[in-house]
Each structure stands twice: as C-alpha cells, then as structure tokens.
Amino acid sequence: MIGFIGGSGFENFLDGKSVGKFDITTEWGKPSQAIKKFSLDNQEFLFLQRHGDGKIPPHKINYQANIKAFHDLGVKKILASAAVGGITIETGTVVIPDQIIDYTYNRPQTFFENVKIVKHIEFSQPYNHGLRFKLLKACEDLKLNVKNKGVHGITQGPRLETSAEIRRLKNDGCDIVGMTGMPETCLAAELDIEYACIAHVVNPAAGITGESISIKCMENEIKQSAHNSFKILAQFLLNEQLINR
Ligand code: HPA
C-alpha cells in the first residue's frame with residue numbers, strides 16, 4: 001500500500017470521495033488526523049494531511065504517530081509532498097531531492113527509545129532511489145519543470161529563515177529549504193518504509209532575491225503546488241498500473 005503525505009488543498013482534487021477512514025491511535029499517540037483511503041484509477045492509497053486541519057505547526061507535528069499509523073495500516077511506500085524555499089532552484093520548480101541536512105532540534109527522532117539494545121540505521125541515501133526515479137518519470141510525463149536531485153535543508157520553523165541563515169545553508173550545499181522533512185524521513189527508514197519527497201519550490205529563500213519574501217505569493221504558490229501534487233500522484237499510480245499489467 002502507498003501512503004501519501006500532503007499539505008492542505010490536496011483533498012479538493014479527490015472530490016472528497018474517500019473509500020475508508022482510519023481514526024487510529026498508535027503507541028506514539030494520534031496522527032495529525034484520521035487517515036483516509038482513496039481510490040484513483042482503481043488503485044487505492046492512504047492519505048494523511050501532515051498539518052492536520054492546518055493548525056499543527058512543523059515543530060508540533062507528531063511525526064512518530066504519523067509514520068507508525070501508516071506502518072500499522074500496511075504502508076510500504078510513502079510519497080511525501082513538501083513546500084520549500086528555493087536556495088539554488090527557482091520558484092515553480094518541482095524537486096525530487098536526493099539528500100538531507102537536518103537543522104531541526106528537540107524533535108523526537110527515533111522509535112528506538114527505551115529499548116534494550118541501541119539501534120542505528122543506515123541513512124547515507126535518505127530517499128529511496130526507485131521511488132525517486134518513478135516520481136521523476138511522472139513529472140517528466142506531465143512536462144512539469146522538475147529537477148532530478150537537490151539537497152534538502154530542514155529548519156525548525158515555523159518562522160522563515162534569516163538571510164544569514166540561508167547563506168549558511170547555501171555554503172553547506174543546500175539547494176532547497178523546508179521545515180517538515182525531518183524526522184519524518186528517518187522515522188520511515190527505521191520502519192523499513194520506502195520514502196521519497198516531492199518538493200515544490202514556492203518562494204525564493206530569504207535574501208536570495210534581495211527583497212523580502214511575500215507571504216501572499218508563497219501561499220498562492222502553495223495552492224498551485226497542491227494541484228501539482230495531485231497530478232504527480234495520479235500519474236505515478238497510472239504508471240504503476242501500466243508496469244504491473
Ligand atoms: N523556508 C522554510 N520552509 C519553507 C520555505 C522557506 O523559505 N518556503 C516554504 N517552506
């Protein structure tokens with residue numbers, strides 16, 4: 001089963017026709033909202049809005065519960081959509097990132113707490129290569145402006161960064177900056193769930209253009225990105241169907 005983690009607005013494109021709803025509680029608490037099952041071209045997938053009804057800020061999301069809930073419902077692959085600022089990449093581009101630098105703090109990072117033996121996971125390639133390839137193919141089929149790799153810096157938020165912080169991220173090698181990629185990605189890895197990210201560049205990161213970031217423009221781009229997310233998922237599922245026929 002595929003799990004899709006999206007932002008607000010995504011569901012509008014599904015006509016609200018869910019074919020199932022799971023209001024579950026995990027040992028790590030409740031996910032951001034009930035997980036819904038949808039069917040697109042006869043293929044079912046599970047959907048979770050990361051920010052719930054839009055009120056949960058990035059640092060307050062219960063990432064453990066979100067990932068564990070998907071796991072308990074049999075999800076083996078996660079496609080996660082994220083709005084990001086562009087450091088070396090232009091607004092309007094879809095990026096399928098290949099690397100992460102984590103700048104977050106005080107977010108529970110693991111399921112392996114209070115266990116008898118410390119467990120480490122291999123994380124040199126944080127995103128699943130096969131899923132990234134398929135997402136890229138879906139974007140190319142749709143003729144979207146897509147970049148096949150990029151380093152995703154994850155900051156704490158919920159405020160945007162200062163210009164100096166973005167200079168630092170750029171020096172570190174970050175191409176895009178978002179607030180929700182970690183610990184979501186490493187928690188999925190801990191449970192052996194394949195995970196890839198669809199990053200939508202919705203604004204130039206702080207200081208990049210020399211002008212301040214327009215929150216209104218950013219919000220408009222986020223709305224547009226929900227539509228692109230939907231199109232990419234639909235194309236991804238269609239391509240899967242063609243492969244499996
Ligand atoms: N910084 C961090 N997260 C973001 C941004 C940004 O500029 N835009 C959208 N999400």
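**Entry 1: Asn 114**

I began with the loop between β7 (99–102) and α2, where Asn 114 lies. The model I am reading is a predicted one. I looked up the backbone of Asn 114 and noted a positive phi of about 55°, although the residue is not a glycine. I recorded this because most residues other than glycine have a negative phi.

**Entry 2: Lys 143**

I next turned to Lys 143, which is found in the loop between α2 and β8 (146–147). Lys 143 is not a glycine, yet its phi is positive, at about 55°. At 73% relative accessibility, Lys 143 counts as exposed.

**Entry 3: Cis peptide bonds**

I looked up the peptide bonds, since most peptide bonds are trans. Gly 157 and Pro 158 are joined by a cis peptide bond, with omega about 0°. Where is Pro 158 found? I located Pro 158 in the loop between β9 (151–154) and α3 (163–172). I also noted that the peptide bond from Met 182 to Pro 183 is cis, and that its omega is near 10°. Pro 183 lies in the loop between β10 and α4.

**Entry 4: Salt bridges across the chain**

How many salt bridges does the structure hold? I recorded 10 salt bridges. I examined several of them one by one.

The side chains of Arg 50 and Glu 184 meet in a salt bridge, with 2.8 Å from N to O. Arg 50 lies in the loop between β4 (43–49) and α1 (63–72), and Glu 184 lies in helix α4 (residues 184–190), so the pair ties together parts that are 134 residues apart in sequence. I checked the accessibility of this pair and found that Arg 50 is buried, and so is Glu 184.

I then looked at Lys 77 and Glu 194, whose side chains meet in a salt bridge at 3.3 Å, N to O. This pair links distant parts of the chain, with Lys 77 in strand β5 and Glu 194 in strand β11, 117 residues apart. Lys 77 is partly exposed, with a relative accessible area of 25%. Glu 194 is also partly exposed, with a relative accessible area of 30%.

**Entry 5: A salt bridge within a helix, and a network**

I looked up Asp 141 and Lys 137, whose side chains meet in a salt bridge of 2.9 Å, N to O. Both residues belong to helix α2 (residues 129–141); being four residues apart, they are separated by about one helical turn. Asp 141 counts as partly exposed at 31% relative accessibility. Lys 137 is partly exposed as well, with a relative accessible area of 40%. I also noted one network, in which salt bridges that share partners join Glu 27, Lys 68 and Asp 72.

**Entry 6: The ligand**

Which residues are around the ligand? I listed Ala 83, Val 84, Gly 85, Leu 160, Glu 161, Val 177, Gly 178, Met 179, Val 202 and Asn 203. A backbone N or O atom of Ala 83 lies 3.2 Å from a nitrogen atom of the ligand. For Gly 85, a polar backbone atom is 3.3 Å from a nitrogen atom of the ligand. For Glu 161 I turned to the side chain, where an N or O atom is 2.8 Å from a nitrogen atom of the ligand.

**Entry 7: The largest pocket**

I finished with the empty space in the model. Rolling a probe the size of a water molecule over the atoms shows where empty space is left. About 830 Å³ of space lies in the largest pocket. I noted 40 residues lining the largest pocket, of which His 51, Ala 83, Thr 180, Met 218 and Ile 222 lie nearest its centre. Ala 83 is also one of the residues around the ligand.

Which element supplies the largest share of the lining of the largest pocket? The largest share, seven residues, comes from α5. I recorded that β5 (77–86), β10 (176–178), β11 (194–204) and α5 (215–244) each supply at least two residues of this lining. By class, the lining of the largest pocket has 19 nonpolar, 16 polar and five charged residues.

Notes: Residues are numbered from 1 along each chain as its sequence is written. This is a predicted model: local features need pLDDT of at least 70, side-chain atom pairs count only at pLDDT 80 or more; totals for chains, interfaces and linings use all residues. Side-chain values use heavy atoms; hydrogens and water are left out. On a 1 Å grid over the protein atoms alone, a cavity is a set of points where a 1.4 Å probe fits but cannot get out, and a pocket is an open set with protein on both sides within 12 Å along at least five of seven lines; lining residues have an atom within 4 Å of a point. Grid points are joined across faces, edges and corners, and a volume is the space filled by probe spheres set on the points. Ala, Val, Leu, Ile, Met, Phe, Trp, Tyr, Cys and Pro count as nonpolar, Asp, Glu, Lys and Arg as charged, and the others, Gly among them, as polar. A salt bridge is a side-chain nitrogen of Lys or Arg within 4 Å of a carboxyl oxygen of Asp or Glu. Buried means under 20% relative accessible area, exposed over 50%, partly exposed in between (1.4 Å probe, protein chains only). A residue is near a molecule or strand if one of its heavy atoms lies within 4 Å of it. A polar contact is a pair of N or O atoms within 3.5 Å; within protein, one must be able to donate a hydrogen and the other to accept it, and residues adjacent in sequence count only if both atoms are side-chain atoms.
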